[in-house]
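Hello,

I am passing on the structure below. Please read the notes after it alongside the coordinates.

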Amino acid sequence: MIVSWRVLFSCFVIVGSTINCLEILFEQFEQFNGFEMVDMKLRVRKFNRTMTTLNGTIFVQQPIGNNIVFHTDLFHSRLGNQQFNHYPAKLPTCGFCDFFDNLHNTYEEHISDIVNVPRLKECPVQVREAHILDKPFPSSVLPPVCPTGLWKIVISGRLNDEERLSYHMVLKYRILLLVTSIMVTVAIQANFERLEQPSGKEYVDYDLRVRKFNRTAVTLNGTININQIMDNTMIFDSDVFLSRLGNQQFLHSPLHLPSTGLCELVNHVRKEYPLILEDIENFPQSGECPISVRTMYVKDKMFPTEILPTPISAGLWKMIFSSKVNEKVIFELIAIIRISDTMLIPYHWWLLFVTVSYVLPLLGMKGSFERFEQFLGEEYIDFDLRVRKFNRTTMTLNGTIYINKRIDDTIQFSSNIFLSRLGNQQFQHYPMHLPTQGLCEMIQHVHDEYTSAIEDIVNVPSASECPIEKRAMYVRDKIVPMDVIPDSLSSGLWKLVISGELNDTIVIRFMQFILLCLMAVCAQQAFATLKASYERFEQFLGHEYIDFDLRVRKFNRTTMTLNGTINVNQPIDDTIQFASDVFLSRLGNQQFQHYPQHLPTSGICEFIDHLHEEYPAIIADIVSIPDHKECPVSERAMHVVDMVFPSDILPESLSSGLWKMVITGMIDETVVIRYMFSIRLTDDYMR
């Protein structure tokens, strides 16, 4: 049974740890007599794994009025073992016409999908055929106080107290108890699988292809060319087939679209299914007939799941559309769609969703800047930008963009996008890019389409300015504008490389890293953060330059601290260049692997200045630390007392485990100083 999102959410909010949802299923339908008056050719069949439906036709063989009076009897089998006891409840006794009038007045929404049902106030009911297709039992019509079990309803029609018509239906009434171990299907997803045109390209040429858009979605792309003027003389029919197991073993389904002319079909689609047309350009207007020659464009069209009827079973669906002129098939189109159940979510995650649903949209994406780097082209545009940690959960972009020359559209900018799904720097090229264009065109495009990306950048060029004059643009605490990022992008580490070419020679290149994750995943940051603890400190050589007399000791039950003295034994300047290597043992078992991350190579003066500017928390508790811009660093003794590792300086993307950093100081490529320290990162859950 497909349970709607809103119903489930309401159940969770109201009930708490246990959710009771009523479900009623058809079990059996059988007619005993009265076939000459009303012949009910109905059967119960399994619709999907959890639902049964009623299907068939009701034949009213002769006009019937209120002289046929209906009586009901209810029987209940509490254990569901066919041992029925008479139950003291019944429907009111009424005539045949009154019975249908009562259905219209009280349960109109539940009989609206029965084709050709007798109309309100129609009496006598005329000869007819009423068709029922995949009708689930409407659970809302029964009172919630009914006990669970197997119910049998016996309905008899009497003429002058003589039974002339009788039938019964058996229903299973149960309560769905959703607890922490149960997973519920909350939605369906439909994806294009294949589209093929066997014939009729001289009339309409569907030059369309299905391609993978991202990890979970496929889209339709291409053009539809109408090559001749067409009107309602072309009659369109449809046939639908279903392969429940998705193994291409198709069975004919009794679903189809009404047979209609082309113009009527266009009007019907525009009126009833406008979602189908949202991403199709140049589609015929309502009332346009005949349809003129044209080309329609389809770009990244996802199947609109909202147009599907509910319930609909999962599986592989094949639809064959054909067009006839004078009973001769002149056109065929085959579309295959895969429908699957999505979002099986355990109950404990639902509790998390309910808890934080008032403060953030859990099913959206969150983006954070990771890194910005320019490789060449500073003489044209100098991107003096850096990514810094703004608070515990947000990274921002800061700095200045210098345009050093007047630039117009002669420099053409192109882009390449790469994705590391696991966030481990193992990138694969992604089939998506920004359009190749000049700088003026690009700035105008950003003004038109992505205003939020530049609205807080000071001194950005105007939309119509070309060439772009020399200037300095200032970026301060810029977060990733999520409204410009498509919803369909998957989580992971994304790398955008932008190149500027002049006469086919690359003159500008820079790249930007952005980390995307589901808000439902990022939300754990509200409950858990990384905690870092010193594990070990060791110096291997270079005591004559700097002597790190430091040790790690246990401060309390949960905290390790660094203590000791750092002795600078001779003046040191930037002639000694310090480099770093990082290693990770994910299991914490000393089995280290090199990690593709490091601090920038720099002299000791630059290194200390960098600490003062970017990581003052590290040196706040170190006594006699060199001042900012002090160079060379003079002889001194620096004292470290109960220093806790400042976890807030760590990037969010680091995984838990045992980390080792080896720092090496070199003079003319000769190692003169080397020391290492290891820290243990663990998930610290907030209480």
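What follows covers the cysteines and their links.

This is a predicted model, in which local features need pLDDT of at least 70 and side-chain atom pairs count only at pLDDT 80 or more, while totals for chains, interfaces and linings use all residues. Residues are numbered from 1 along each chain as its sequence is written, and side-chain values use heavy atoms, with hydrogens and water left out.

A search of the whole structure gives four disulfides (pairs of cysteine sulfur atoms within 2.5 Å). Three of them are described here.

Cys97 is joined to Cys123, S to S 2.3 Å. Cys97 sits in helix α2 (residues 96–106) and Cys123 in the loop between α3 (108–111) and β7 (128–135), 26 residues apart. Helices (H or I, at least four residues) and strands (E, at least two) are DSSP runs, numbered from the N terminus. The torsion about the S-S bond is about 80 degrees, so this disulfide is right-handed. Cys97 is buried at 1% relative accessible area, whereas Cys123 is partly exposed at 44%. Buried means under 20%, exposed over 50%, and partly exposed in between (1.4 Å probe, protein chains only).

Cys440 is joined to Cys466, S to S 2.2 Å. Cys440 is in helix α6 (residues 439–449) and Cys466 in the loop between α6 and β26 (471–478), so the link ties together parts 26 residues apart in sequence.

Cys605 and Cys631 form a disulfide with their sulfur atoms 2.1 Å apart. Cys605 is buried at 3%; Cys631 is partly exposed at 42%.

Regards
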